[in-house]
Amino acid sequence: MNISDISISKKYAFAYFLAQGESVEKKKERIFEIASVVKQNADFFINPSIGVEVKWEILDKIITDDLKNSAARRLVEILIENKKIQLLTIIVDEFERLYFESKKHIKMEVRARHPLSEKEKNDIILTFKEATGITPVIKFVEDKSIIGGFIMRWDDRIFDSTINQKINLLEKEVIEKEII
């Protein structure tokens with residue numbers, strides 16, 4: 001994936017986000033559904049020896065009736081026609097980012113050794129919302145390499161509050177003092 005593909009994907013996602021005729025919630029539901037179907041048949045849709053019209057016909061046969069007159073279907077048709085169907089995953093991710101941004105939400109990954117309690121989740125949500133004005137939507141990932149604490153990731157930011165990080169900082173400090 002090159003920078004041009006990322007830029008193009010963002011433009012497709014933005015255009016889809018602004019498309020008229022469906023609520024943003026319906027567009028979100030439908031883009032995830034059609035992306036799943038396309039992903040299951042990816043080899044077919046990226047095959048250069050299969051014509052565009054044939055791909056459209058197959059698309060119509062494998063999607064639900066609900067998707068047939070949707071903006072999501074039109075988007076996929078355009079991607080097929082322009083030989084950009086491989087960008088669909090990036091487009092979906094960017095659409096989701098725009099969706100969350102419009103709702104003043106943000107996707108956040110929290111990694112810890114053990115699952116968070118409801119109180120811990122609520123504390124993270126409340127603290128983050130108070131600091132940023134944005135509500136995090138947390139995806140928990142169990143990570144046995146973490147001794148204790150947690151790592152939060154959102155956008156291109158990382159907040160590391162693990163014992164591992166504290167040990168690394170202490171080790172670095174000791175090494176620096178021994179050198180001086």
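With which residue does Arg73 form a salt bridge? The views below are taken from a predicted model, in which local features need pLDDT of at least 70, side-chain atom pairs count only at pLDDT 80 or more, and totals for chains, interfaces and linings use all residues. Residues are numbered from 1 along each chain as its sequence is written, and side-chain values use heavy atoms, with hydrogens and water left out.

**View A. Arg73 pairs with Asp60 in a salt bridge.** The closest N and O atoms are 2.7 Å apart; a salt bridge is a side-chain nitrogen of Lys or Arg within 4 Å of a carboxyl oxygen of Asp or Glu. Arg73 belongs to helix α6 (residues 71-81) and Asp60 to helix α4 (residues 52-62), so the pair ties together parts 13 residues apart in sequence. Helices (H or I, at least four residues) and strands (E, at least two) are DSSP runs, numbered from the N terminus. Arg73 is buried at 15% relative accessibility, whereas Asp60 is partly exposed at 25% (buried means under 20% relative accessible area, exposed over 50%, partly exposed in between; 1.4 Å probe, protein chains only).

**View B. Arg97 and Glu101 form a salt bridge within helix α7 (residues 88-102).** Their closest N and O atoms lie 2.8 Å apart, and the two residues are 4 positions apart, about one turn of the helix.

**View C. Strands β3 (residues 149-154) and β4 (residues 157-162) pair in the antiparallel sense over 6 bridges.** Strands pair if DSSP finds at least two bridges between them. Arg153 stands opposite Ile158 in β4. The hairpin has 2 residues between its strands, and Asp155 in the turn has a positive phi of about 45°.
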